[in-house]
Every structure is written in C-alpha cells, then in structure tokens.
Amino acid sequence: MRYRGLWAIILALVVLLFWTPTATADIVDLSNGIRLPKHRDIDSPWGKFPTDAELTASGKNNLKLSYDTFEIGKTKGPAGQIATLYITLAIKNVEYTSGEQNGARGYWAESAEAFLLASEKLSGLAKQVALYKRMLAIANTGNAPATLQAADALLASDPKTYYFGPAQEKRARAFAELGRMGDAVAALKKVTDAPGMNVRDYFSAAYLRVFLTRFLPAKTKDAYEKAEKAFQALLTDLDRRPQKELASIPRLQILMSLGACVRALGRGEEAKALYEKILKAATDTTDKNVLAGVYYGLGDVAFEEANALQARAKTAPELKQQVLDMLDQSALHYLRVLLLYKESADRREVFGATQGAARVFTTLFTITGEKNCETARRAYDFYRQAVDLQPRGEARRLLVREGLALKKRMDAACKEKEESKDEEGK
C-alpha cells in the first residue's frame, strides 16, 4: 500500500476542493451547459470563473433572481436550472474578496466577518450572496446557534431569496444538532410548502427531512426498511414531476442514502450497484457530501466482502491475495472520505470512515502475521481519532477496548521486532 506519497498532496487539495467560488459576477451558468449572457465578441466558457473582460462585458445588476425563477437579458427560466451564478458587485467588493480568500484557507471565523462587512456595503442580490457565504462560513465553525442567526439574516434580506431552500436546510441541520427535531422539520416544510418552489430545492428539502427523521435515527431492521421505503417514494415522486432533470443533485442524495439503507439491511451487492450508478453520473459539480457518503459506503462494502473472503481463505490459501486487495480497496475508499471530502461530509460519514480505516488496518496487521508495525500504528491512530469523535456511552467504551486490544498486540509484536534488530546489530 502506497499512501505516504499521496498523503500530503491530497491534504493540500482538501480546502480548495471544498471552497470553490460560486457567486461573484452577473453571469449565469445553466445546468444544460449554457452560459448567460452571451457576448459575440467574447468567448466565455461554461464552468470557468469569468475574466475581468467578461465581467466588464456582462455588466452589473442584469440578473433578476428568486427561489422560483430567474431572468437575465432576454432569457427566463426556473431557478433550479441555475448551476452557478456570478455577481459583479460582489466580486468588486474588497471585503467580499477577503471573505473568499479566508474561506479558501479554512479561516471560517475571519471569512464570516469579512462577508458580514461586505453585506453591509452591498444591496440586492449581491448582499444576499454575501449573507449566503457568511452563513456557510459560520456553519463550518460548528456553531449551531450562530448558524441559525446567520440563516435568519439571509432570509430577512428577501422573502423570496434564491437561497431560501439552502438557508432553511442549514436551519434544519442546526436545529437537529440542538435536538430540536420539530423545528428542523418545520424549517424544511417552509421549503416544500413555498408557492412555486423550484424542483431542485423542493426535493433537496424533502430528502433532508427523510434523512433526519427516518435514516439517521434508524437502528433496527424495521427502521431501515421504513427509511428505504421513504427514499423510494421520494424517487417515485421525483420521476413524476415536470422538470425532474433539474433535480439531479437531490436525486443523487436520495440514491446515496438508499444505498446506505440497503447496505444496513445486508444487501451489499445492491448497495454497491447504487453507489457505482452515482459515481457514473457524477460530475465536477456533484455535491461533495454525496461523494463522501458513496465512498464511505463502498469502503464498508469492500470491508465486508474482504471479511467474507477471509473466512473462505482459511481453507483456500490461494484467496489470501484477493483478501489483501479487497482490504486495500476498502482503505482507499475510507481515505477518500477523510482526505478529500471530510469538510463536506456529515459526522456519520467521518466517524464511520475513521472507524472503518482503523479496522481495515488492524485486519491487515493481523493477516500479515503481525509483522508490519507501521500498519498497526496507523490503525491505532485511527482508533484514537474515532474515539474522539464518539460521544460518551457504551459504544465509545467498546471502541476504546477494541483499540486497546490492538495496542497490546502491537506493543508486543513491535517490541519483539525491535529487540530482534538490536540483537542482530550486536
């Protein structure tokens, strides 16, 4: 396994992947690959940040936008068709630019403060963009009450703000974190009940409601079956809706959680097929939270397959290499979550991938004859990280015991190895 060479490179990409500018000029990229407004004398490619010349040509204040529709130039359409938008007045604001720069470095508190200052100097859509970015920055600090305040400020800026759905979702997540599930559901209901709500944000809110109320609390077979049915019902409803193609983002979210349900119900192959379907449909704009869930799920599926294969390998030694390959694959999936998508992942995926990595490396240490001390130390380090993520209780106590059992074996094996080296050196 060659992780060392990739480790530093992947870490350097993490914040950059997460904090990509999404709203800095009066140009709109639609989900169908079209950039608006078009200029005959300027080739402004879809998906790339506009140049100064393109911003100058596009002008300012030429975009009308709410949660249901957009209008730019002579083009009108549903708000869910927007993939990315760029607002000239925002990008020309010094404080806004500072907020982007601090966010790119992961300085969330400083980023939030800069966006607040920007919002005080901006108006209209540019102000809403600054408040939206402020909300995201505060949410990344993990301060739920402050996130609620930031979301409320954004919603107060315009009753039909384009960011109505995302703001209510942040409120819902914050309420859920504070144990106020009734308020979380009420926040999401505001989105699904809003007249004319675009199909993308409607199903994003509908998905989050099932995720928070059905999937996250699930512990039993019956609970997972109910969550599975709820996700299936959402997909059925989505497929019947006009403009369903605009809901590609929540569709992938639903498929990801559906895969987690069937995996929890012991249907690993079905889950794997769902995850691979998502990866096949993924693009550069796919929600990183979805990718975190997919790779966490694939890591678990591969680990389960490795364990099943390992049982057969006891009487069929030729299968040992397949077991090692499957464990390597599982480890790489978990590491993708932790090194590429950690900032975007839910706590469930971060803890699951951390615990999974600990168990994969422990298994590798065991089946290779307890000779690779580096693998054992890596496993123990992941155990310590997993324990830190686990709240106090019986599950945490069992995880501590699991980690200490590895440490006892590691200390014995590695001490003997070091003593053997010392003897050879005499």
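Select helix 10 (residues 199-215) and show the surface around it: 14 of its 17 residues are buried (under 20% relative accessible area, with a 1.4 Å probe and protein chains only), so helix 10 is largely enclosed by the rest of the structure. Helices here are DSSP runs of H or I, at least four residues, numbered from the N terminus. This is a predicted model, in which local features need pLDDT of at least 70 and side-chain atom pairs pLDDT 80 or more, while totals for chains, interfaces and linings use all residues. Residues are numbered from 1 along each chain as its sequence is written, and side-chain values use heavy atoms, leaving out hydrogens and water.

At its start, find N198, where a side-chain oxygen comes to within 3.2 Å of the backbone nitrogen of R200.

Show side chains, and you will see Y132, M135, L136 and A139 of helix 6 meeting P166, A167 and K170 of helix 8 (heavy atoms within 4.5 Å).

Last stop: P391, in the loop between helix 17 (373-389) and helix 18 (394-425). Is P391 buried or exposed? P391 is exposed, at 52% relative accessible area (the cut-off is over 50%). Beyond its neighbours within four places in sequence, P391 contacts R347 and R396.

Terms used. Helices (H or I, at least four residues) and strands (E, at least two) are DSSP runs, numbered from the N terminus. The expected span of a helix is 1.5 Å times one less than its number of residues. A polar contact is a pair of N or O atoms within 3.5 Å; within protein, one must be able to donate a hydrogen and the other to accept it, and residues adjacent in sequence count only if both atoms are side-chain atoms.
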